[in-house]
Amino acid sequence: MAEVLLPASQGHLHQAEIRFNPQTAPSTSKWIPPRWMLKHASAPSTPRHPNQNGLGEPWDPKRPSFRGIDLTKPDPRIKKPNIGIECDDEDLNKTVAFVDVNILDSTGREPYRGDVLIKGQRIISVGTKLTNNDLKDARVFQGQGRTLMSGMVDAHTHFTWTNAGSLDALATMPVEEHTLFALRSARTFLDCGYTMTFGAASAKERIDVSVRNAIHSGDFPGPRSLANAPEMAPRDGALVPGITRFVETEAEIIAAINEFADMGADNIKLSMSGEEITEVLRAEDTTFPDELVAAGVEAAHARGMRVCSHARSDESIMQCLQYGVDMIYHASFISEATMHALEVQKDRVWVAPALAWLYGTLEDAEKFGYPPSKAESVGYSRELAIAIPGLKEMYKRGIRVLPGGDYGFAWTPHGTYRDPELFVTKVGMTEMDSIIAATAGGGDLLLHPNDLGKVQPGFFADLILVNGNPLNDITLLSHHENLDVIMINGRVHKVGDKDHPAVYESKGSLLKE
């Protein structure tokens, strides 16, 4: 089989082209390179679709369903979450105006010059030139052509990841300090223009829920958030035992999910495949039995919650599709048959690949004791060489790929969020599509598409004023210093520009000015 050449990245590790060599696969690998990975070789024939799922029940990937649930549509039992942030009467009566801004409204329309007016928590006018009467008593920001756009989403959020240098270290911080750290990391997302977050797992049981509640009550600054609980896995499939709820039977996973629902979690997480850095569970290892996946999804949906999955292996991605998992994290080793099945379910499922983790582990971890040679030897170069073409194929097929980088490790610390940039430079998205995924995509993910993610009348005033045009330079969104104004819920969180020091609404950020 021929080697596959992929474009060089800008990092020091990849000055030459990445070469995908199928001979470097682990002996246990069942992954077959799909046609979009091949050059100078005939594409392998698409494997015949199995007619049964892993439980031996009927399965048709072209018309997928599971026990009466249509898997091409969201499960109707999933509840629309509360994403409101409380504010006092004084804030409800405040008016803010952005005058002469370049409006990037996330509808797909090209940006246009105009004014935007906010009253209380919501946008009330977009594009229309404001009169002196409109501006009376308003706080006015003169845009001078700077870009006004919606705040962004991180779809793979870990407030409780502590910028640690190893997986096991995520579990060691005492709960009191851990809660304070999570509040700071949440506010750091907002400092960087992220006004929406989708919890991917909590290192300790109630921290995600407590932080969400503190933000939504208006007590602490942070993004609108959906909270998760500790990730679940069988004992022999846990990536980080210290932060994992072990589940071995259907009764145990149902009990755990009901417990998490009672404590107020919006999402739950299944850890369904390995991770190369463990050197024990490979990324292509599938760790969750089918009966537990099915029971977990049913229990969560019955309580109105959505299910996220750490799923790098092809088999685990297919499990997500056969039993109704809502958010697939990573999806690196997707095969051609599984890609076809995913495309059929693209109106129900989201994918958040967490590219920053892969690139960071290969390019930025050396000073923390994990050199590129080690990252390559355990399989991360191989995984990246497979994942990028798969993501390009997802983008081509219209599958919803969202930003969310698994931030919170030493080499991907909070405050270094750069997924929109990686989507453009590595996946080949247009700048507009990357921004729409990061904004309107967030409104869709949080199940409030008519409230969040666009600069439109009636939407919540969750906005960022960018010093420049990210359609011309997407890297502007990777550096918080380019965000001159950050607003959430109609409240100004940050104001500053290149000529003036930034002023935030309170202390406690993890950013280093």
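Colleague: How many bridges join β19 to strand β20, and do they run parallel or antiparallel?

Modeller: In this predicted model, β19 is joined to strand β20 (residues 483-488) by four bridges, and the two strands run antiparallel. Within that pairing, L463 stands opposite M487 in β20.

Colleague: Which residues of β19 are buried, and on which side?

Modeller: Strand β19, covering residues 463-466, is covered on both faces, with L463 and L465 buried on one side and I464 and V466 buried on the other.

Colleague: And how many bridges join strand β9 to β19?

Modeller: Four bridges join strand β9 (residues 147-150) to β19, and these strands run antiparallel.

Colleague: Which way does β9 pair with β5, parallel or antiparallel?

Modeller: The sense is parallel there, with three bridges between β5 and β9, and L104 stands opposite M149 in β9.

Colleague: What about β5 itself, mostly covered or mostly open?

Modeller: Strand β5 (residues 95-104) is mostly covered, since nine of its 10 residues are buried.

Colleague: Staying with β6, is R113 buried or exposed?

Modeller: R113, which sits in strand β6 (residues 112-119), counts as exposed because its relative accessibility is 52%, and the cut-off for that class is over 50%.

Colleague: Which residues does R113 touch, leaving out those up to four places away in sequence?

Modeller: On that basis R113 touches D100, V101, N102, Q144 and G145. As for A385, R113 is 272 residues from it in sequence, and the C-alpha to C-alpha separation in space is 41 Å.

Colleague: Changing topic, which residues touch the most other members in the largest nonpolar core?

Modeller: Those are I328 and M394, in a core of 114 residues. Helix α6 (residues 290-302) contributes the largest share of this core, namely seven residues. If neighbours within four places in sequence are set aside, I328 is in contact with S309, A311, I317, C320, L321, L342, V349, W350, V351 and A352.

Colleague: How many residues are in the second, separate core?

Modeller: That second core has 19 residues, among them Y112, L148, M487 and V492. As a general background point, nonpolar side chains tend to be buried together in soluble globular proteins.

Colleague: How do the lining residues of the largest cavity divide by class?

Modeller: For the largest cavity, the lining divides into eight nonpolar, five polar and five charged residues.

Colleague: And what is the volume of the second largest cavity, and which residues line it?

Modeller: The second largest cavity has a volume of about 40 Å³, and the residues lining it are C192, G415, Y417, L477, S478, H479, H480 and L483. By class, that lining has four nonpolar and four polar residues, with no charged residues.

Note on methods. Residues numbered from 1 in each chain as written. Predicted model: local features only at pLDDT ≥ 70, side-chain atom pairs only at ≥ 80, totals over all residues. Heavy atoms only, no water. Nonpolar A, V, L, I, M, F, W, Y, C, P; charged D, E, K, R; others polar. 1 Å grid on protein atoms, 1.4 Å probe; cavity = no way out; pocket = protein on both sides within 12 Å on 5 of 7 lines; lining within 4 Å. Points joined across faces, edges and corners; volume = space filled by probe spheres on them. Core = buried A, V, L, I, M, F, W, Y, C linked by side-chain atoms within 4.5 Å. Buried < 20%, exposed > 50% of the residue type's maximum accessible area, 1.4 Å probe, protein only. Contact = heavy atoms within 4.5 Å. Pairing = 2+ DSSP bridges.
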